[in-house]
Each structure stands twice: as C-alpha cells, then as structure tokens.
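Hello,

Here is the structure I promised to pass on to you. Please have a look at it first, and then read on for what turned up.

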Amino acid sequence: MAESLITQHIDLWTSAIEAKSTAGRGSKNKFDLYGIKKLRELILELAVRGKLVPQNQSDEPASILVDKIISIQNTLKTSEGLKTDASLTIKNDEYLIEIPNGWSLCRLGNLAKFIDYRGKTPNKVSSGVRLITAKNIKFGFISKSPEEYISQEDYSTWMTRGFPRVNDILFTTEAPLGNVAIIDIEDKFALAQRAICFQFHEPKISKFMLFQLMSPYFQKSIYDKQSGMTALGIKASRLKEIVIILPPLAEQHRIVAKVDELMALCDQLEQQTLTSIDAHATLVETLLETLTNSADATELEQNWARISEHFDTLFITEQSIDALKQTILQLAVMGKLVRQDPTDEPASVLLEKIAAEKAQLIKDKKIKKEKPLPPITDEEKPYELPQGWKWCRVSHLMNNMRDISYGIIKLEQEPDVDGVPTLRCSDIKSGYIDLTGVRTVHPEIEKVYHRTRLQGGEVLVNIRGTLGGVALVPKKLAGFNIAREVAMLPIHNSISGEYLVQLIASPFFWKKIEENLKGIAYKGLNLNNLRDLVMPIPPVAEQNKIADKTIYLLELCEQLKKHLQLLRKTQLYLTDTIIGEEFK
C-alpha cells in the first residue's frame, strides 16, 4: 500500500528539487525540496482517504463516534451556551472522495468549539502573558518568533471567549490562510489576530484532525471557500460548514502512529538530502578553488583535467554551474584563462596613450583638469598579475570626453507618445539588457540628463536596487537613457567592453563593490568610490581573446543549465503524475 508507493519512488522524492527564482547577487535558499514536500502531502492525503493503514471490521464505526460528539455539543449548548454549530445534513456533492466502510462525515462546526479572537488587537507590553497571533502559527508547528505579550491585568479581561488548551488546534484565517498547528504550550497564553482555536468536543480526535487540516483535501476545501480583495481569507460561517472525514477512533490512532512514522522518515530524507547538497556544494567549491589557485596555465590544465574526469557528478545542480561560471570569470581576470603572448603590446602602453590623450585635451581646454587619483598601493592588489598586465583605476579606462554618471533621478508618469526609453536597474541583467519592461520619460525631462544619453558601447552597472546587473550597451540602443540607480561607464574605445563587463561581473570586482556599498535599508554604490576601484587590465589583444573565450565557456554553462532545468521539470512532472495517478 502506502509503503510500496513511497519506497518504490524514493529516488524521485529526494531528487525532485525545484529551483527558486532569485533576484540580485547572494540570494540564499535557492532550492525547494519539492519531492519531499509532495511526499508529505501524499502521506496526509492517503491518511484522510483511508489508504494508509488497513481497516479493521471490528472497530466501532465512526458513526457512533459522531453521535457521541453531537450529543456533547448539544449538552454544551445548554450548559455553557455554546454557539458553534453547523448543518447536520451533508449532500453527496459536498465531498469528492470515496470513504471506506465504517467511516463517517461531519461538519467542522459540529466537531469543535470555535474560540475566535480575529479582528481584535490587544495592548502589547514588553513582558507578561505570551500572545499568540497568526504570525506565530506556521504549517504544522507554533513558532516562538515573534515574542509578544499582554499584561496580566489585560489577560483577565481579554480571554472572555474561551481558553485554548494543550492539544487544541490553532488555525490561521488569513495572511496566511490555512496554517495549522496543535497547541503544545503548557503555560497560559492569549490569542488574537487572524487566528481561531478549534477545541474539539472529543479531544482524542485532535491529532488526526491536525493531519486532516494539513492535508491537500482540506486545504483545497478552504481555498475553494476563500473570499476577500486585498487579503484572501475565510469566514467562520463558511469554515464551520466544511465537511470533515472521520475514521473510527481506533483507526484514527493507527493512522496517527503511521503518519508520525512516515513523517519521521521524511525528516530523515530531508536531512540526508540537505547534507548531501551541502557536501556537494563544498566539494565543488573546494575543487574550483584549485583552479583559481593554479600558479600558471599548465597547472590550471592539470587541475582541470582532474575535475573534468568527474564533471557529470560535480556539475549536477544550478548552483554548481553558477559556481563554475563565477570561477571562469575569476580565471579570466587573473590572466589564467588564455595563454599570454609576449609579443602583445603591454597594457601599460595602452594606459599611457589614454593618459596622454587626456593631457592633450586639458591643454587644448576641451576638458577640465581633475584632481589626480591616488597611486595604487600594494594592499589594493590582491594577486600578482601576468607579464604585460597592469593594475589601474576604473577612471583610467574611461572616454576622456565623458564622465561616469548616473541617470534620471525621478521617472515621472510615462508620456503617451514620443517618450525616451529609459533603462532601470530591473532592465540591467547579468550580461544583457532586458527590453521587455522598459519605461519612457518625457523628452523635456530627458534633455536635462543629456550626459547619460546612450551612444552604444557604454557599460551599465546597477549601483542601487537590484545589485549585480552589468551589461554592454549595443549600438541599437543609442538614444536611450538611464535611471538614477544605474551607472553609465563610457569606456575608452581602446578597451574591450565585453572584457570590462566580465571583469565587473567577476567575484574579484564584486567583492570590491560590496566593500564600498553604503546605506542601511537601501544600499548603494557612490560614483566616486566606483571611479576609484582598482581593476586588472591585460594587453588589448589579450582582452579580446579573454572576452571571446569567456563568452564561449559561459554559453556552454548556460546550455548545461538549460539541460538541467529540463531534467528538473521532468522530475517535478513525474512527481506530480505519480501522485495524480494515485488519486484518480
């Protein structure tokens, strides 16, 4: 039964991993253990459908249990003025699954008292009686964070609708909708804000009810009945009428024991998978470091030969491929990606030519003389450069007639016609410019920012907002402008724009950017700091060779990633298909 369905596909449950969408650099939690998550859902769904443990014909039928619960409910109505109840009639079209013999159906409002403090916000204090709100109620457990309190005096007057007990169930009615947790807090606490406590008339059904309320069957029921505009939620009047499936009490206990056992197995699988992912990431990182630590191209080839022997077991995740791309970029800016040619004109000659051109423009009074940049110290040079390379500052590589600038400070409402396309940080991706969502500004506003009007050949870098984007402007975008969060680097025509993009995208340069970010909630890079950043420049001929080889290798990585993504999609599809076939 359940065990065979689970064990036959154990490799699929652990290998079906879904990549999360990320924005910018350094995003964490880049994957979701989709297969194990679906396995947990499968276990709960099997439980509420009667397919997890065999039925025992000698069990007292659930109909007797339901009659007892309804009798307790009627007594509470008389003795305590209980108001929670629901219709006793259940139509065939109100539930979509077939239940085993001996099982019964009952509405949630007839199984439990609803202790409802939604919509009420108590006065909070720094210490006192613990306050539990929807923020504390997670899917399957109660979180200690955030820690909020109300005073002892307020507690006495606040909890007038009832006191939650251990093994009662807490349920979030909106923001988020559908989180469920069983109460395991021995100390008294207050309840408030978007949460209902289900206090079951027969406490022995609480643990089974926890699993049912977490099951896809029940979660779909509440989402079918949700309402609201800004925040979707469910009203108590609708929640009370949801149909609940009840096995005999003895079978409930067997189901609970089996679910606990299988969830413990899921915990093991999850931990093993996470450990395996971490170990794999560490192994990849360690081996890739041998490449960047290679003394020369010959040693690099030897180290790569050892890695390539195990390529199909090392680069099997999107994260490992991304790490390989970063290593390629790092090797490029260290001069280890292509062999040096001693006949190439040294980079020092190139820099001298750019400096001489600038001196002549100052002499001819076409540009103003600037304060000289400080000399580059040994501390600013993190590694030794190959022969013919030179350390310089970003400003040394710029077009002498244009300056590094950021763009339009505020994008007003877009004009209906004749607007000037303006690139924002969301348009500047890693290595390319995305034109699908480009906004426009009025030509009169754009005229004020003519200094950042693009001509083609500039390098754009995100300095605020979505950091990490850097791209070369193609000639076809001449006439576009940029927004304030984007910096324009008008590079000298002797410098390879492709190489400079790869340099800025490299781990070496990104570390420099991170060290110079300013701000607390909204970090950004000051233009003066950007101008002063140190970078390694190879001879012109080598710049072009590096750029070509890097583009080629990164494209291979992208092809590998696309192949991997297709494989992941297939694994996710198989996971969903197996579960779908089980519940046809």
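**What was found**

Sorted by class, the residues lining the second largest pocket are 15 nonpolar, six polar and 11 charged. Please keep in mind that this is a predicted model. Along with α13 (347-363), β12 and α17 (527-532) each supply at least two residues.

Now to the charged pairs. How many salt bridges does the structure hold? There are 29. One of them joins the side chains of lysine 561 and aspartate 322, at 2.5 Å from N to O. Lysine 561 sits in helix α18 (residues 540-582) and aspartate 322 in helix α12, so this pair ties together parts that are 239 residues apart in sequence. Lysine 561 counts as buried, at 10% relative accessibility, while aspartate 322 counts as partly exposed, at 27%.

Two other pairs are worth a look in your viewer:

- Aspartate 168 and arginine 165 form a salt bridge, with 3.6 Å between the closest N and O atoms. Aspartate 168 is buried, with a relative accessible area of 2%, whereas arginine 165 is partly exposed, at 39%.
- Lysine 381 and aspartate 378 meet through their side chains in a salt bridge of 4.0 Å, N to O. Here lysine 381 is partly exposed, with a relative accessible area of 33%, and aspartate 378 is exposed, at 60%.

There is also a network of salt bridges, which links Arg40, Asp267 and Glu270.

Finally, the cysteines. A search of the whole structure turns up zero disulfides. For cysteine 197, the nearest cysteine sulfur belongs to cysteine 106 and is 18 Å away. Is cysteine 197 buried or exposed? Cysteine 197 is buried, with a relative accessible area of 0%. Cysteine 266 is buried too, with a relative accessible area of 0%.

Best wishes

Methods:
Residues numbered from 1 in each chain as written. Predicted model: local features only at pLDDT ≥ 70, side-chain atom pairs only at ≥ 80, totals over all residues. Heavy atoms only, no water. Disulfide = S-S within 2.5 Å. Buried < 20%, exposed > 50% of the residue type's maximum accessible area, 1.4 Å probe, protein only. Helix = DSSP H or I, 4+ residues; strand = E, 2+ residues; numbered from the N terminus. Nonpolar A, V, L, I, M, F, W, Y, C, P; charged D, E, K, R; others polar.
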